Each structure stands twice: as structure tokens, then as C-alpha cells.
Amino acid sequence: LASRLRSAAYVAGADLVHEFNDRSWKVSSAVATSYIEGDPASILDAQLSSARYLQRPDATHLGVDPTATSMGGFYGMGEINKQSGSFTGRMGVAYLSPGYEVNDLGFQTETERMIFDTHFSWSQPRPGSFFRNWSVMGGPDAKWNTAGDRIFTDVNLQFTWRWLNYWGGSVRGAVRPATDDDRLTRGGPMARTPRANTWRASLNSDSRKALSARASYSGQNNVAGSSQHSGSINFTYRSGEKLELRLGPSLTRSFNTAQYVTSTSDSFAVNTFGRRYVFAPLHQTTVALETRLNVTFSPTLTLQVYAQPLISSGDYGDLAEFREPSTYQFATYGEDVGTSVRQAHGNYLVDPDGAGPASAFTVNDRSFNFRSLIVNAVLRWEWSPGSTLFLVWQQSRADRIRASQFDETGALDIGGFDLGYDTRELFGLDSDNIFLLKVNYWLNF
């Protein structure tokens, strides 16, 4: 495992929080440094990981060292908050150096970032003619990489309210101008993210009642044609302090005009630094039902159950290649350039320039159907003060069917969404079951 795991990982940091003016204002800051050591292969993996992609061919401010046996980095942040009164707000900045790495000890998804974050709010907590309370909040946010390329901008506004009858809701909208994108090509050249709009709305009933509900809807689209729509409704039933049951069905449908598929080396791809980056449009549908049950038999005996069946399908369209850096433009194989023919074994044979000198390559048909079921149940019994017994049952079942597993004359419509068929298949899957017993005994010396 020496080529896969780090031999050592260190993180050191400090933070400072100071409140003043009768605690109505607060300033906070934090600094941290990280250092990892290991075999050159493991350090190379860290450099190429999706958190940093140091191999990007047009990122002249970065570089990859395949012989390195260590990597270090730095993180720093500072913010000021106004935290009392009707008007509150926050402004903060943060910096993550390219080599910052804490995934051995925590969870980190990106580095090489300069972040500007704001949040302003005006609240009215006193009941009026229509509202029991309400607030308006929002602000701009932005990110840059360490070369100064702006990779994210968001200007958002949200209104949240509660009526006199204790029903309430919220609406939120955001505009995201076009920005650079140093992640779209998965380590390839810089791309461009089209201008997008996002929105969200929710409505909830009186949560003091035995039966309450909350419905929400969110959506987004961009000028290139991508979109996503998601809706959910959550029901909660409470019977005193003994029983709580929550059911939360949800549905998400999305269309991405350019979903990353793969890349392949080709010296004739001069516009994209000797490599072709392959994308495809993707239609995806996901349905899930989140269920939670909490039962308190007595102050010393409780039961908690969580279950989530999930069904998802993804239908990939015609393959296309990324045209040139700093754009969101793609050339479809078989229409704009070259040819693409599905083979009997389920792959596509792509010739990127037809009769030209570039070599053909194969790409799997990525269309899929996925089904899964997760169940967790925990029975807790405090059989003596401070001494507890836990009985745990975990069940999981999952299956993914890929279109590349079937020939072109296959009867199954891989990538198509069929709730009834997929549900029957889900509950027919073999399951993995884990039973755990844990006992804590309080010695009480």
C-alpha cells in the first residue's frame, strides 16, 4: 500500500475569536498548515486529485513533480460579523494554497482558492398584521483560483417568513454570471461556465401539530440549455414524546448539455494540448424515499430506524469533444467532426477526424440504471445508569446496470426510467446484512 497511502500526515492550526461592543460585533480568523509524506506515487496522486488538478496544461502557475515525496500547504481565513440588531451581516475572505491537504484527517474537496463570502440579513421578529416574523437575506459571493481566474460568482436574495398561524415558507433566487471553470475537463484546460439562474421555494405547516408537512422545489438553468428541477415533500407525525415518523419522497430530473465522459491522448488535438476531452449530454432522473422512525419506549429504551430506497437512471446522448480552452463549445462526433459508431460489444468506436491522421478510440456507453436500498436500525437500552447496550442492524442492496454490458440489440432500455420495473428489481436484489452488538459498562469508581 506504500504507493497508495501517505506514510505521514500533519496538520497544525490556530484560531481567534473576539467579540466587542457588548457582543454585537465579532471578528474571527484561523490559520492552518498541512504537510504529508509518502512514496512518490502516493504524493503524485495527491497532486493529480480532483481537489487540485495540478496537471492542468494551461495552468502555468502550477506544476507536477512526479519525484516528490512530500507536499505542504497553507490555509487562512478572516471574517467580521455584526450579530445583533435587526440588521446583521458577515463579510469574510479565505485562502487555500495549492498544496493544502487534510483529507487524511478531515474532508476537503478543493484547494488553490481565494474566496470572498458575504451574508446580509434584515429581520423583523415582532408579529405584525400578516407575519409573525420575517427576514430578507442575501449577498454576493465569489471565488478565484490562485492565478486570479474568477471561477464562481453568485448574487442571491432570500425571503423567509412565518404567518400568524405558524405556517411559513421561503423563496430564494440567485444569478450566477459566466465564469471560468478549471474543473470541467477533469485536469484538462480551462473551460467556461455559462451564465445560470437558480431558485428555490418551500412551504411548511405548523410544526407544533401532531402531523406537519413541508414541501420544497428547486431549479436551475443556464444559457447553454442545462437544467435541473427537484421537488420533495416531507411529512412528520409525532405522538407526544414517544413516537416520531418522517416520510420524505423526492424527485429530481436534470439535463446536462455537457457531462464529462473521458479523455484520450492525441498529438493531433493541438487546440487542447494533445489530448481530446470527451463529453455527452445527460438526461438523469432520481427518485428516493427517506424514512425515519424514532420510538421512545421508556427513558432507557429507544429505537431509531432509517431507510432510503433510491432509483436513478441516466441516459447519455451523442459523444462530443471539447473544442478549445476558455469556452463552453463542443463538436459532436458524426455531425460536426469525425464519426461515432456503436459496436456490438456495447462501446462506441470514435474516429475524431474521419479520414484524417488521428487514431480512432473506443468509449463505453455510460447510460445506466441504478437501484439501492439502505436500512439502519439501532435499539438502545440503558440497562443500568451509565451502562448501555446497542443492537444494530444494517442492510444494503444495490445494483447498477450499464448500457455497455449489453449489445446494441439488447431488449432492455438502459438509461430509461421505469419506476415500477426498477422498484420490483430493487426488492428482488440480494442484500448484505450486518448485525452489531455493543455494550458500554460504567465502572463508577
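This is a predicted model: local features need pLDDT of at least 70, side-chain atom pairs count only at pLDDT 80 or more; totals for chains, interfaces and linings use all residues.
Asp154 has a charged partner: its side chain forms a salt bridge with Arg176, 3.0 Å from N to O. That pair links distant parts of the chain, with Arg176 in strand β8 (residues 168-176) and Asp154 in strand β7 (residues 150-163), 22 residues apart. Arg176 itself is partly exposed, at 29%.

How many salt bridges are there? The count comes to 24. Here are three of them:

| Salt bridge | N to O distance |
|---|---|
| Arg176 and Asp154 | 3.0 Å |
| Glu110 and Lys143 | 2.7 Å |
| Glu244 and Arg238 | 3.0 Å |

Glu110 sits in the loop between β4 (87-96) and β5 (113-124), while Lys143 is in strand β6 (residues 131-144), so their bridge ties together parts that are 33 residues apart in sequence. Glu110 is partly exposed, at 22% relative accessible area, and Lys143 is partly exposed too, at 23%. In the last pair, Glu244 is buried at 17%, whereas Arg238 is partly exposed at 28%. Salt bridges with shared partners also join Arg56, Glu110, Glu112, Arg113, Lys143, Asp182 and Arg183 into one network.

Now for helix α1 (residues 40-48). Which of its residues are buried? They are Ser42, Ile43, Ala46 and Gln47. Looking down the axis of α1, these buried residues fall within an arc of 145 degrees, so they line one face of the helix. What covers them includes β1 (6-20), β2 (25-38) and β3 (70-82).

Terms used
Residues are numbered from 1 along each chain as its sequence is written. Side-chain values use heavy atoms; hydrogens and water are left out. Buried means under 20% relative accessible area, exposed over 50%, partly exposed in between (1.4 Å probe, protein chains only). Helices (H or I, at least four residues) and strands (E, at least two) are DSSP runs, numbered from the N terminus. The arc is that of the directions from the helix axis to the C-beta atoms. Contact means heavy atoms within 4.5 Å. A salt bridge is a side-chain nitrogen of Lys or Arg within 4 Å of a carboxyl oxygen of Asp or Glu.
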